[in-house]
Amino acid sequence: MEILNSKIFGENLSSTPLLVFHGLFGMLDNWGTFGKDFGEFLPTYLIDLRNHGRSFHSAEMSHDDLADDILRYMEHYGIQKAHILGHSLGGKAVMQFAIKYPEKVEKLIVVDISPKAYPPHHQGIIKALETVDFNTVNSRNDVETVLSQYIPERSTIQFLTKNLYWDDNKKLNWRFNLKTLSEKYNQFVSNAIKFGVFEGETLFIAGEKSNYILPQDEFAIKQQFPKAQFSTVKNAGHWVQAENPVDFAKIVKEFLNIV
């Protein structure tokens with residue numbers, strides 16, 4: 001069985017570890033500053049989801065698959081119980097994990113996503129990514145030029161191009177598995193997580209300028225996560241930890257009692 005790729009900070013500390021999972025088209029490197037900071041207090045594992053970063057590629061991509069990957073990862077590293085944090089798609093993965101394997105979760109942190117099904121909303125990005133022809137582009141700039149024809153936000157283009165690397169054939173390529181992410185998109189975005197209840201302590205963190213968690217979602221969230229608390233990060237959109245890292249870290253530390 002393949003184990004997810006990760007980077008570990010503070011692994012010699014004896015406190016309850018924290019496992020961190022990024023969002024769609026992201027990778028663990030997006031959380032590097034956060035990992036260094038939290039690694040001073042507790043073992044902090046930044047983890048690439050399947051089909052992302054340096055983790056394995058697979059044709060399967062359901063919430064259950066992602067949850068089972070987390071279980072295998074914990075078993076591989078001998079982690080009995082951990083705090084689990086996930087952003088966006090990573091948030092869906094950790095919610096499914098907490099419901100499926102509640103005994104493995106100390107505290108759950110879900111960042112800017114709810115358990116509900118979302119309408120497809122990345123079609124433009126997927127189309128842009130599929131338009132990049134790696135037989136003709138020779139540099140990061142070339143890729144940015146292609147993406148900019150479809151994606152107006154410079155920050156989104158920069159976020160996506162962090163996934164570029166030179167493969168064994170000396171060609172640029174994406175680290176994420178675009179084929180599966182495109183084909184299975186509806187399985188992991190346009191599906192709610194399976195119904196079930198996680199009774200443990202849970203924190204949902206929303207970006208003030210984001211519309212991923214709406215006030216009317218709170219009732220449904222409480223059906224599955226009865227101990228859910230809600231916190232909003234000021235001056236932040238969907239990429240909460242990148243747009244206001246100071247306030248975000250403070251909220252997480254308070255919840256984990258490491259202030």
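Colleague: Which residues lie nearest the centre of the largest pocket?
Modeller: This is a predicted model: local features need pLDDT of at least 70, side-chain atom pairs count only at pLDDT 80 or more, and totals for chains, interfaces and linings use all residues. Residues are numbered from 1 along each chain as its sequence is written, and side-chain values use heavy atoms, leaving out hydrogens and water. A pocket is an open set of points on a 1 Å grid over the protein atoms alone, with protein on both sides within 12 Å along at least five of seven lines, and lining residues have an atom within 4 Å of a point. Here 28 residues line the largest pocket, and nearest its centre are H122, I125, Y212, H238 and W239.

Colleague: Which element gives the largest share of that lining?
Modeller: The largest pocket has a volume of about 450 Å³ (the space filled by probe spheres set on grid points joined across faces, edges and corners). Two or more lining residues come from each of α4 (123–131), α6 (154–161) and α10 (240–243); helices (H or I, at least four residues) and strands (E, at least two) are DSSP runs numbered from the N terminus. The largest share is 4 residues, and it comes from α6.

Colleague: OK, and what do the buried residues of α6 pack against?
Modeller: Buried means under 20% relative accessible area, against over 50% for exposed and in between for partly exposed (1.4 Å probe, protein chains only). In α6 that gives T156, I157, F159, L160 and T161. Counting contact as heavy atoms within 4.5 Å, they pack against α4, α5 (140–148), β6 (164–166) and β7 (172–174).

Colleague: Is I151 buried or exposed?
Modeller: I151 is in the loop between α5 and α6. Beyond four places in sequence, I151 is in contact with I125, A128, T156, I157 and L160. Its relative accessible area is 3%, so I151 is buried.

Colleague: Which residues line the largest cavity?
Modeller: A cavity is a set of grid points where a 1.4 Å probe fits but cannot get out. A search of the whole structure finds 1 cavity of 30 Å³ or more, and the largest cavity has a volume of about 80 Å³. Its lining consists of L24, S88, L89, K92, I113, Y118, H121, H122, F188, V189 and Y212.

Colleague: What is the phi of S88?
Modeller: S88 sits in the loop between β4 (82–87) and α3, and S88 counts as buried because its relative accessibility is 9%. Most residues other than glycine have a negative phi. S88 isn't a glycine, yet its phi is positive, at about 60°.

Colleague: How far is the backbone oxygen of G200 from a polar atom of the T202 side chain?
Modeller: T202 belongs to strand β8 (residues 201–207) and has a relative accessible area of 0%, so T202 is buried. Not counting residues up to four places away in sequence, T202 touches L108, F225, K227, A228, Q229 and F255. From the G200 backbone oxygen to that side-chain atom of T202, the distance is 3.1 Å.

Technical notes. A polar contact is a pair of N or O atoms within 3.5 Å; within protein, one must be able to donate a hydrogen and the other to accept it, and residues adjacent in sequence count only if both atoms are side-chain atoms.
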